[in-house]
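Below are some notes on helix packing and on one residue. Please read them alongside the model.

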Amino acid sequence: MQEKWNKRPLIISGPCSAETQEQMIETATRLAKIGKVDVLRAGIWKPRTKPGMFEGHGITGLPWLLEAKKLTGLPTTVEVATAKHVEEALKFEVDMLWVGARTTVNPFSVQEVANALRGVDMPVLIKNPINPDLELWSGGIERLQQVGIMQVGMIHRGFSSYGNTEFRNAPMWHLPIEMKRRYPGMPLICDPSHICGNRSMLQSVSQKSIDLDFDGLMLESHIDPDKAWSDAKQQITPERLLDMLNELVWRHESTTRQEFITALTTLREQINQVDDELMTLLGQRMKLSDKIGEYKKDNNITILQTNRWNDILDRAFQKGEMLGLTKEFITKYYDAVHLESIHHQNKIMNS
Ligand code: PEP
Ligand code: MN
């Protein structure tokens, strides 16, 4: 991305939806006043889960955004889902576009947006799809890059799941981390508003994203959050946003401080050593499992024995607790080891 957009951290804020001219102007003015916001966002076309909810003003709202930009100097960004949205946003001098989570799931829509952007030089951010499918997210990025968009960035807004969880959209942090690995240097912005779905967790989710080396934040802000026409529970006032941003501890990926580098190198060497030992032990564990597989085969015994498996897990939970390992980690780790072990024994049984 160009210098201006490459700023770290890049802070994008504004209401979920542009509701009225007054609301847009007052939001922009108050956001500009706090002096920490780089880009003004507003939803103009709102993809809503159910019909009958506020779906955005469409083209009526775009002049309000342009007026807010002229008044405050803040560049603007809107969500686009169709070629027409792109065309209208460009007409009203929107500076940056984003593709929403419900659009990223649909390759036809992403391609339509991409085609409308051929020959246009502007930053385009693409949100993760609502389902945890990194190929769809990557596919969206590639569609934008293929039409010549040089300034593509990603927004992590969490993933849908069934039932009530503490998050509106589960962050599944390992997924954006994998995207960072796939696209080194591509800006990755976190959208804590849509991850949390409420105000109380915004601070901790924002901090977590900074700790994971994200490049910026997109946070919804409203002049009167409780009265917002969409996403009321997760929006905060511009002033509250300032407090929140001030409380965050901004970290860097690296430093040139020699003392830190030496300490880190030593610890990393120790980690490599422990990892090697763990790998050797896992190899040995599978060899033992192979032997058991042979005995089971000779005696016609099933691979899976539920009682034995429960015993192993109980022992692991007890030991893990003493060592400060969470039950969640132990479960995941043992599931993986168990699957590998079954795989080994399966091979032996059927050889
Ligand atoms: C939004 O940013 O207001 C929005 C609709 O987000 P998402 O696409 O992440 O649901
Ligand atoms: Mn929203």
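1. The crossing of α1 and α10 is right-handed (the near helix is turned clockwise from the far one by less than a right angle). In this predicted model, the axes of α1 (residues 21-34) and α10 (residues 238-247) come within 9 Å and cross at roughly 25°; that makes the pair roughly parallel (under 35 degrees). Axes are lines fitted to C-alpha atoms over the stretch in contact, with angles from 0 to 180 degrees between N-to-C directions. Helices are DSSP runs of H or I with at least four residues, numbered from the N terminus.

2. On the α1 side, Thr 27, Arg 30, Leu 31 and Ile 34 meet Pro 238, Glu 239, Leu 241 and Leu 242 of α10 (contact: heavy atoms within 4.5 Å).

3. α1 also packs on α2 (residues 62-72), at about 30° with the axes 9 Å apart. α1 and α2 are therefore roughly parallel, and their crossing is right-handed. Residues in this contact include Met 24, Ile 25 and Ala 28 of α1 and Trp 64, Leu 65 and Ala 68 of α2.

4. Thr 104 belongs to α4 (residues 101-104) and counts as buried because its relative accessibility is 1% (buried: under 20% relative accessible area, 1.4 Å probe, protein chains only). A polar atom of the Thr 104 side chain lies 2.8 Å from the backbone oxygen of Lys 127. Beyond its neighbours within four places in sequence, Thr 104 contacts residues including Val 99, Ile 126, Pro 129 and Trp 137.

5. Residues are numbered from 1 along each chain as its sequence is written. Local features need pLDDT of at least 70, and side-chain atom pairs count only at pLDDT 80 or more.

Terms used:
Chains are lettered from A and ligands numbered from 1 in the order in which they are written. Side-chain values use heavy atoms; hydrogens and water are left out. Helices (H or I, at least four residues) and strands (E, at least two) are DSSP runs, numbered from the N terminus. Buried means under 20% relative accessible area, exposed over 50%, partly exposed in between (1.4 Å probe, protein chains only). A polar contact is a pair of N or O atoms within 3.5 Å; within protein, one must be able to donate a hydrogen and the other to accept it, and residues adjacent in sequence count only if both atoms are side-chain atoms. Angles under 35 degrees count as roughly parallel, over 145 as roughly antiparallel, 65 to 115 as roughly perpendicular and the rest as oblique.
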